[in-house]
Amino acid sequence: MYIRLTRRGVPLVLLALAGVGAAMAATMAGGGTVKAAPNAKYGSLLATASGMTLYHYTLDKHGAIACTGTCAKFWPPLLVKVGAKPTAGSGINAAKLGTVKRPNETIQVMYAGFPLYRFSGDKQAGAVKGQGVDGKWFAVTPAGRLAKAPAQTNPVPPPTTTAPTTTYDPYP
């Protein structure tokens with residue numbers, strides 16, 4: 001019984017490790033390059049070298065990383081190799097780039113103090129499906145702020161607060 005589980009378990013463990021390795025390689029692709037990318041709804045947003053939107057998790061505070069384990073599978077951190085520095089692409093202020101050590105000893109890219117993540121649900125460059133998820137995940141702007149939806153404009157004018165004037169003639 002023990003041998004059977006080991007024979008079945010080893011390939012699964014190897015497959016899982018390969019998947020984690022591929023995910024880490026994908027988040028390190030581009031050497032930690034961060035660039036500005038236009039977005040029709042939010043203006044300019046941070047993106048990877050390949051144009052994937054970068055997000056911040058608002059529960060990450062003061063250099064403490066809260067998105068680990070399963071969270072990091074859905075929200076892969078943007079990583080650089082130990083000793084490497086992130087690269088400022090077009091539209092990015094290099095002085096705002098930095099890194100933070102994650103609990104698993106990998107090095108995550110930060111911008112204006114925000115640790116950066118991709119969203120696994122964004123399947124193409126420029127997608128922003130992670131924006132506002134759970135009220136805790138927000139894209140980051142090149143100004144170093146969290147992106148919020150622009151103010152909605154109402155094309156219909158608001159109702160007037162004054163009552164219409166009518167003439168009342170008590171003696172018809």
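User: Is D134 buried or exposed, and what is its relative accessible area?

Analyst: This is a predicted model, and the answer rests on its computed accessibility. D134 lies in the loop between β8 (114–115) and β9. Exposed residues are those over 50% relative accessible area. D134 is therefore exposed, with a relative accessible area of 64%.

User: What is the phi value of D134?

Analyst: D134 is a residue other than glycine, yet its phi is positive. The value is near 55 degrees.

User: Which residue in the turn of the hairpin formed by β6 and β7 has a positive phi?

Analyst: β6 and β7 form a hairpin with 5 residues between them. In the loop between β6 and β7 is found a residue that is not a glycine but has a positive phi of about 75 degrees. That residue is E105.

User: In which sense do β6 and β7 pair, and over how many bridges?

Analyst: β6 covers residues 97–101 and β7 covers residues 107–111. Within this pairing, T99 has V109 in β7 as its bridge partner. The sense is antiparallel, and the number of bridges is 5.

User: Which residues have the most contacts inside the largest nonpolar core?

Analyst: In soluble globular proteins, nonpolar side chains tend to be buried together. The largest nonpolar core here has 15 residues. The elements that give two or more residues to this core are β3 (55–57) and β9 (137–139). The residues with the most contacts inside the core are Y55, C67, W75, Y117 and W137.

User: In what order do the elements of the protein run from the N terminus?

Analyst: The secondary structure comes to 2 helices and 9 strands. From the N terminus on, the order is α-β-β-β-α-β-β-β-β-β-β.

User: Among contacts between residues at least 6 apart in sequence, what percentage join residues at least 24 apart?

Analyst: The protein has 172 residues, of which 35% are buried. For contacts between residues at least 6 apart in sequence, the part that joins residues at least 24 apart is 65%.

User: What is the accessible surface of the protein?

Analyst: Carbon and sulfur atoms account for 62% of this surface. The total comes to about 10900 Å².

Methods
Residues numbered from 1 in each chain as written. Predicted model: local features only at pLDDT ≥ 70, side-chain atom pairs only at ≥ 80, totals over all residues. Heavy atoms only, no water. Pairing = 2+ DSSP bridges. Helix = DSSP H or I, 4+ residues; strand = E, 2+ residues; numbered from the N terminus. Core = buried A, V, L, I, M, F, W, Y, C linked by side-chain atoms within 4.5 Å. Buried < 20%, exposed > 50% of the residue type's maximum accessible area, 1.4 Å probe, protein only. Contact = heavy atoms within 4.5 Å. Areas by Shrake-Rupley, 256 points an atom, 1.4 Å probe, with all protein chains shown as cover.
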